[in-house]
Structure formats: C-alpha cells, structure tokens
Amino acid sequence: MVSSLLQSIAATALTLAAFGGPGPPAVAAHAGCRVRGALPDPVCTPGTTLGGATARDVCTPGWAGRHRNVSSATKRRVYAAYGIAHHGRGEYEMDHLVSLELGGSNAEANLFPEAAEPRPGFHEKDRLENRLHDLVCAGTVSLAAAQTTIRTDWMRAYRRYVSG
C-alpha cells in the first residue's frame with residue numbers, strides 16, 4: 001500500500017514537473033532506496049528533466065556546465081537515502097539519471113549514487129550519455145526519446161547505442 005502510494009506521488013510529481021509544477025519530492029523522503037544492479041530505485045529516482053529544455057538548448061555548447069549545480073548537502077541526502085554512509089574515492093559518483101546533457105535536472109529525484117563496479121558502471125553510463133547527446137544533436141534521436149530510454153533502463157540503452 002505504501003509503495004503504491006509513493007509510486008503514485010512520484011508519478012504525479014513528474015507530471016507536475018513536466019508542466020512547470022513544483023516537481024517531485026526529495027528522494028530523502030523515502031527511506032530504503034536501493035540500486036538494482038546499476039539502475040537506481042525507480043521510486044526514489046524516477047528521473048526528472050528541466051521543463052522546457054529543447055534539443056537546441058542541450059546542443060548549445062556549455063549547456064550542461066551552466067546547469068550543473070548539486071550541493072554537497074544534496075549529495076549527502078541522496079547517499080543517505082540509498083543507505084551509503086561511507087564510500088571510498090572513485091567507488092561511487094553522484095549521477096544524474098537523465099544527464100544534464102539530455103536536459104536532466106539537478107533535483108534529488110534525478111540523482112543516485114552510481115558505482116564504478118561492477119561494470120557497466122558510471123564510466124559506461126557517461127559514454128552512453130555522450131552518445132545519446134550526439135544523436136540528439138544530429139537529429140537522429142529526439143530529445144524526449146533519449147530522455148525516456150535513459151530514464152527507463154540505461155543499461156539496455158548502453159547495449160543498444162554503445163556496446164552494440
């Protein structure tokens with residue numbers, strides 16, 4: 001019951017965010033988030049985007065850098081929500097499920113602690129993000145399709161677009 005309620009709240013928040021609403025609740029509001037393989041918990045990290053971002057926007061040089069703004073406090077809350085109290089250097093990176101290069105937001109609902117190992121890990125996801133960005137900017141894949149494919153199952157998208 002609680003799980004379905006949380007999923008309903010997350011879905012409603014995503015819909016509101018897509019139309020300029022307040023966006024999803026902070027991930028820390030849900031205790032017990034878990035990474036499944038290399039995929040984030042879909043309730044804690046459903047993946048959110050910046051409302052109104054277009055392919056033209058994300059293909060403008062410097063777009064991602066101008067929008068990168070995740071505080072240390074936000075990162076700590078997300079690590080805590082996922083039950084990670086301590087980690088070694090290079091073991092995890094705080095990652096955007098929908099990357100900034102694809103119009104992803106800095107909201108906690110778009111962040112998760114992504115491990116380097118086992119592979120594919122954060123290095124491979126970075127390669128996928130770059131590939132999808134190139135395809136969006138070439139007009140081969142729509143921005144919405146790229147956002148959906150990476151949000152839904154980035155490992156499957158990695159096999160399709162990168163590792164062949």
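This dialogue walks through several features of one predicted protein model.

Reader: What should I know about the model before I read any feature of it?

Author: The model is predicted, and local features need pLDDT of at least 70, side-chain atom pairs count only at pLDDT 80 or more, and totals for chains, interfaces and linings use all residues. Residues are numbered from 1 along each chain as its sequence is written, and side-chain values use heavy atoms, with hydrogens and water left out.

Reader: How many helices and strands does the protein chain have, and which pattern do they follow?

Author: Helices (H or I, at least four residues) and strands (E, at least two) are DSSP runs, numbered from the N terminus. In this structure the protein chain has six helices and two strands, and along the sequence they follow the pattern α-α-α-α-β-β-α-α.

Reader: How much of the protein chain is made up of buried residues?

Author: A residue counts as buried under 20% relative accessible area, as exposed over 50%, and as partly exposed in between, with a 1.4 Å probe and protein chains only. Here buried residues make up 42% of the 164 residues in the protein chain.

Reader: Which residues of α4 are buried, and which exposed residues does the face turned away from them carry?

Author: The buried residues in α4 are T74, V78, Y79 and A81. Seen down the axis of α4, these buried residues fall within an arc of 160° (the arc of the directions from the helix axis to the C-beta atoms), so they line one face of the helix. The face of α4 turned away from its buried side carries the exposed residues R76 and A80. Helix α4 also holds K75, which is partly exposed with a relative accessible area of 33%; K75 and P113 are 38 residues apart in sequence, while their C-alpha atoms are 8.5 Å apart in space.

Reader: How many aromatic pairs are there, and how should I read the angle between the planes?

Author: Rings of Phe, Tyr and Trp (its six-membered ring) pair if their centres lie within 6.5 Å, and planes under 30 degrees apart count as stacked, over 60 as edge-to-face and the rest as tilted. By this rule there is one aromatic pair. The rings of Y79 and Y92 have centres 6.4 Å apart and planes at 80°, so the pair is edge-to-face. This pair links distant parts of the chain, with Y79 in helix α4 (residues 72-81) and Y92 in strand β1 (residues 92-96), 13 residues apart. Y79 is buried, with a relative accessible area of 12%, whereas Y92 counts as partly exposed at 24%.

Reader: Which cysteines do the disulfides join, and where do those cysteines lie?

Author: A disulfide is a covalent bond between the sulfur atoms of two cysteines, and the rule used for this model is a pair of cysteine sulfur atoms within 2.5 Å. The structure holds two disulfides, and with bonded cysteines counted along the chain they follow the pattern 1-2, 3-4. One of them joins C33 to C44, with S to S at 2.0 Å, and with -90° about the S-S bond this link is left-handed. C33 and C44 both lie in the loop between α1 (2-18) and α2 (55-58), so the pair ties together parts that are 11 residues apart in sequence. Both C33 and C44 are buried.

A disulfide also joins C59 to C137, with S to S at 2.0 Å; the torsion about its S-S bond is about -105°, so this disulfide is left-handed. It links distant parts of the chain, with C59 in the loop between α2 and α3 (63-67) and C137 in helix α5, 78 residues apart. C59 counts as partly exposed at 26% relative accessibility, and C137 is partly exposed with a relative accessible area of 36%.

Reader: What is the volume of the largest pocket, and which residues lie nearest its centre?

Author: On a 1 Å grid over the protein atoms alone, a pocket is an open set of points where a 1.4 Å probe fits, with protein on both sides within 12 Å along at least five of seven lines, and lining residues have an atom within 4 Å of a point. Grid points are joined across faces, edges and corners, and a volume is the space filled by probe spheres set on the points. The largest pocket has a volume of about 200 Å³, and it is lined by 13 residues, of which R68, E93, M94, D95 and H96 lie nearest its centre. β1 and α5 (122-138) each supply at least two residues of this lining, and β1 gives the most, with four residues.
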